Amino acid sequence: MDDEKTPQAPAADPSGPEVPGLDPNVPNVARIYDYYLGGKDNFAADRARAEEMMRLPGTVQAARNNRAFLRRVVHVLATEGIRQFLDIGAGLPTQENVHQIAERVDPASRTVYVDFDPVVAVHAQALLATNDTTIAVTGDARDPEGIFGNPEVREHLDLEKPVAVLLVALTHFLSDEQVENLVAHVRRHVPSGSYLVVTQMFPGDRAELVQKAVAIYSGTNSGPLVGRDAKQIAAWFEGMEMLEPGIVRVERWRPLLQDSEGLAEVDEGAPGILGAVGRFP
Ligand SMILES: C[S@@+](CC[C@H](N)C(=O)[O-])C[C@H]1O[C@@H](n2cnc3c(N)ncnc32)[C@H](O)[C@@H]1O
């Protein structure tokens, strides 16, 4: 994306799809995260915020750790027999997307990407133009009924059969009430044997760093950034069977050799991302 040359840029990427109403001047959490991961789907306003965040220690590593966790979990759940994935707050397509990992285990696996950001849906739809097993829709996690009631979602997924619902790096953009409401709807709509996957930013013991992060994220297209600890996350999984090792820093959740870079030096007090996977009874 080269917004210097195209200040009125109507598309998220000059070579990419058109996105009506896109405002490149409002920093956007999907594009900030894309920049952390080395992506090109971002504008100057996004990069400026991302660069500020990257001056805080551990930002890029946390984003990479989060994405690596997502890849491992999807592989584990697909291997456990899950064939349907509902990815809410899916983000811009990157390398190794959920549907690609799931379809490596079973090409018939079905994935629905949901994001409230129209740029994400347009990019995902372009990527998926030739894929029948995966769709991308616009939906807001603050309106879960809108997501579960969406005819496209209901047509694509069989909600009588187990689904893995992914809320990965999403809940820190939602208030406690909004997350509780979302999780309550997930419980109501998915059958026994489904899974809930969550990652969430936690402050560790460095409140001052998190305050800086909150300030940097203010004025983005999302809600304010909310840090939470393992106890708060545990409440969302009440009554569910937690997959080992429970609620841990994402880099400690079943690390593979290739994802374990720097694991020995993890500073346990530093802010980071907690991850957890639970199975609905
Ligand atoms: C940090 S990205 C995470 C992307 C991906 N889940 C991952 O972990 O790699 C957060 C995503 O959540 C989306 N998001 C934020 N608030 C949302 C909401 N209320 N409803 C749906 N999506 C939301 C953003 O647009 C962004 O794409």
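Analyst: Two residues are said to be in contact when heavy atoms of theirs lie within 4.5 Å. With that in hand, we can read this predicted model, beginning with asparagine 28, which touches Asp46, Asp117 and Asn221 once residues up to four places away in sequence are not counted.

User: Where does asparagine 28 lie, and is asparagine 28 buried or exposed?

Analyst: Asparagine 28 lies in the segment before α1, the helix of residues 29-36. For burial, the cut-off to keep in mind is a relative accessible area under 20%; asparagine 28 counts as buried because its relative accessibility is 5%. A polar atom of the asparagine 28 side chain also lies 3.0 Å from the backbone nitrogen of arginine 31.

User: How should I read the fold as a whole, and how many helices and strands are there?

Analyst: The protein has 10 helices and eight strands. For the overall shape, one compares the radius of gyration with what a compact globule of 281 residues would have, near 19 Å; the protein has 18 Å, which agrees. Along its principal axes the C-alpha trace spans about 50 × 45 × 35 Å. Of the 281 residues, 54% count as buried.

User: Among contacts between residues at least 6 apart in sequence, what share joins residues at least 24 apart?

Analyst: That share is 73%. Methionine 201 gives us a case to look at: this residue sits in strand β5, residues 195-202, and, leaving aside neighbours within four places in sequence, its contacts include His172, Leu225, Arg228 and Ile273. Methionine 201 counts as buried because its relative accessibility is 13%.

User: Which strand holds threonine 134, and which side chain does threonine 134 join through a polar contact?

Analyst: Threonine 134 is placed in strand β3, residues 134-138. To read a polar contact, look for a pair of N or O atoms within 3.5 Å, one able to donate a hydrogen and the other to accept it; here the side chains of threonine 134 and glutamate 103 are joined at 3.2 Å. Glutamate 103 is also one of the residues in contact with threonine 134, among them His99, Tyr113 and His156, when neighbours within four places in sequence are left aside. With a relative accessibility of 3%, threonine 134 counts as buried.

User: Now for the backbone: which residues does a cis peptide bond join?

Analyst: The angle to read is omega, which is about 5 degrees at the cis peptide bond between glutamate 244 and proline 245. Proline 245 lies in the loop between β6 (241-242) and β7 (248-249).

User: What is the phi of glutamate 96, and where is glutamate 96 found?

Analyst: Glutamate 96 has a positive phi of about 55 degrees, although it is not a glycine, and is found in the loop between β1 (84-88) and α4 (98-105). Arginine 254, also not a glycine, has a positive phi of about 45 degrees and belongs to the loop between β7 and β8 (272-279).

User: Finally, how many positive and negative side chains does the protein have?

Analyst: There are 26 positive and 41 negative side chains, and the centres of the two sets lie 3 Å apart. As for the surface, the protein exposes about 12,600 Å², of which carbon and sulfur atoms supply 52%.

Key. Residues numbered from 1 in each chain as written. Predicted model: local features only at pLDDT ≥ 70, side-chain atom pairs only at ≥ 80, totals over all residues. Heavy atoms only, no water. Helix = DSSP H or I, 4+ residues; strand = E, 2+ residues; numbered from the N terminus. Rg over C-alpha atoms; globule rule 2.2 N^0.38 Å. Buried < 20%, exposed > 50% of the residue type's maximum accessible area, 1.4 Å probe, protein only. Areas by Shrake-Rupley, 256 points an atom, 1.4 Å probe, with all protein chains shown as cover. Lys, Arg positive; Asp, Glu negative; His and termini not counted. Charge placed at Lys NZ, Arg CZ, Asp CG, Glu CD.
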